[in-house]
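Please consult the sequence and the structure shown below while reading.

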Amino acid sequence: MTLWRIRATVDDRPGYLSVLTASLALRGVNILTVQVQPTEQGAVDDFLVDAPDTLDEAELIAAVERGRGRHCWVARSEARGLVDQPTRMLGLANRLVRDPDAAGEALRALLGADSVSWRPASANAERGIVDATMLLADPAGGSFTLRRAAPAFTPAEYARAQALVELAATVARRAAEQVTLVLPDGAEVAVRPACADDLSGVLELHEGCSPRSRQRRYLGGASLRQPARLRRVLEPNRGLTLLATAAASDGAAESVVAMANLLGEGDEAEVALLVRDDWQRRGLGSALLRRLARHADAAGYEALVLHVQAENTPMLRTLRRLDRPTVTERDGTLLNLTVPLAAERKGTLLTPGA
């Protein structure tokens, strides 16, 4: 028996797929896997089959055509073709997480493309499938061009390929955004954007903070945050969450020692910091606040907003180190602090608050 890949278009009507499979069965062809991809011309059926050694390509095409299949493409396959499409996609995604620069090789492996090339492209360049060519937008800039003489690309393949390209761009962006900070006392911490997988580390951060530190961060109480609420904070719809991680002195895995949140609300962005007690008063909070301020500037927010308890001297000191004009409003024991950004970009001078 020999493994073959067969792709054919079938009218998307009840019973038509069974006619095709029956025609193959009459020739002793065993269907191992089948994927159905809808297109404007009909359903594209992609089969992996085990056929008698006596059958050649022409006979397989004839069997497909007798089963009302059209635009038939047939090619020999290998045992690795037995891997189902979801498993193949996960394997390629895992490869891109380790090496985002391998996007071109991953696309070739995914689609069996004859060629894959990358080039800078203008924003209005056409994306999609044209004849035997697929053009994919690269979120990092430019575009990928894939060519395959046969079989023709399908919309489902385009969606899979675009998802891989976006994954590679996300991994590369996160790697580029990670920096190492050297604090005044010589200690080093890694700072990077947070993701959903950081939930356990952030929970440990909260457990390692004193009730007083948690109460200063959340104002409403010192109890531990619920995982569901923290999960939303890690990947806000608008804004950015930064985590600082450091290696333990005993050589254990890195732990999260600080979290900085920038949550967009209209034209303003609310800022909050949580630094583990043993990492306070070492310049880490100031460094994180400066990074959030630069991000808010670049994102076009008009102001930073902070809600700080009047007795929270360390946080007020951290804000003063930002060295930006600040407007202060007091509401009982709570200070509402506003750091205008848009006005500063325009060169307008503001009088710092008390």
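## Briefing on the predicted model

In helix α7, the buried residues are S213, R214, R216, R217 and Y218. These values come from a predicted model.

**Helix α7 and its surroundings**

- The buried residues of α7 pack against the helices α6, α8 (227–234) and α10, and against the strands β12, β13 and β14.
- After α7 comes L219, which has a positive phi near 65 degrees.
- R216 is counted as buried because its relative accessibility is 16%, and buried means under 20%.
- R212, by contrast, counts as exposed at 54% relative accessibility.

**Salt bridges**

- The model has 13 salt bridges in total.
- R216 and E311 meet through their side chains in a salt bridge, with an N to O distance of 2.9 Å. This pair links distant parts of the chain, since R216 belongs to helix α7 and E311 to the loop between β14 and α10, 95 residues apart.
- The side chain of E311 also forms a salt bridge with that of R212, at 3.6 Å from N to O. R212 lies in helix α7 (residues 211–218) and E311 in the loop between β14 and α10, so this pair ties together parts that are 99 residues apart in sequence.
- E311 itself is partly exposed, its relative accessible area being 41%.
- A further salt bridge joins R282 to D185, whose closest N and O atoms are 2.7 Å apart. R282 sits in the loop between β13 and α9, and D185 in the loop between β9 (179–182) and β10; the pair therefore ties together parts separated by 97 residues in sequence.
- Both partners count as partly exposed: R282 has 23% relative accessibility, and D185 has 45%.

**The eight-stranded sheet**

- Eight strands make up an open sheet with mixed pairing, in the order β9-β10-β11-β12-β13-β14-β16-β15.
- β9 and β15 (327–331) are the edge strands, each of which pairs on one side only.
- On average, neighbouring strands of the sheet are turned by 25 degrees against each other, direction ignored.
- β13 and β14 pair in the parallel sense, over three bridges. A303 in β14 is the bridge partner of E268.
- Helix α6 (residues 199–208) lies across β11, β12 and β13, and runs at about 105 degrees to β12.
- Helix α9 packs on the sheet and touches β9, β10, β11, β12, β13 and β14; its direction makes about 30 degrees with that of β12.

**Nonpolar cores**

- As general background, nonpolar side chains in soluble globular proteins tend to be buried together.
- The largest nonpolar core comprises 37 residues, and V189, W279, L284, L292, L304 and L306 have the most contacts inside it.
- Two or more residues of this core come from each of β10 (188–193), β11 (239–246), β12 (255–265), β13 (268–275), α9 (284–299), β14 (303–309), α10 (313–321) and β16 (334–340).
- The element that gives the most to this core is α9, with seven residues.
- Which residues does L284 touch, not counting those up to four places away in sequence? They are L183, V189, A244, V257, A258, V275 and W279.
- A second, separate core has 20 residues, including M89, L96, V116 and M134.

- S23 lies in helix α1 (residues 16–26).
- S23 counts as buried because its relative accessibility is 11%.
- Leaving aside its neighbours within four places in sequence, S23 is in contact with A63, R66 and G67.
- The C-alpha atoms of S23 and A62 are 9.5 Å apart in space, while the two residues are 39 residues apart in sequence.

Notes:
Residues are numbered from 1 along each chain as its sequence is written. This is a predicted model: local features need pLDDT of at least 70, side-chain atom pairs count only at pLDDT 80 or more; totals for chains, interfaces and linings use all residues. Side-chain values use heavy atoms; hydrogens and water are left out. A nonpolar core is a set of buried Ala, Val, Leu, Ile, Met, Phe, Trp, Tyr and Cys residues joined through side-chain atoms within 4.5 Å. Buried means under 20% relative accessible area, exposed over 50%, partly exposed in between (1.4 Å probe, protein chains only). Helices (H or I, at least four residues) and strands (E, at least two) are DSSP runs, numbered from the N terminus. Contact means heavy atoms within 4.5 Å. A salt bridge is a side-chain nitrogen of Lys or Arg within 4 Å of a carboxyl oxygen of Asp or Glu. Two strands pair if DSSP finds at least two bridges between them. Axes are lines fitted to C-alpha atoms, for helices over the stretch in contact, and angles run from 0 to 180 degrees between N-to-C directions.
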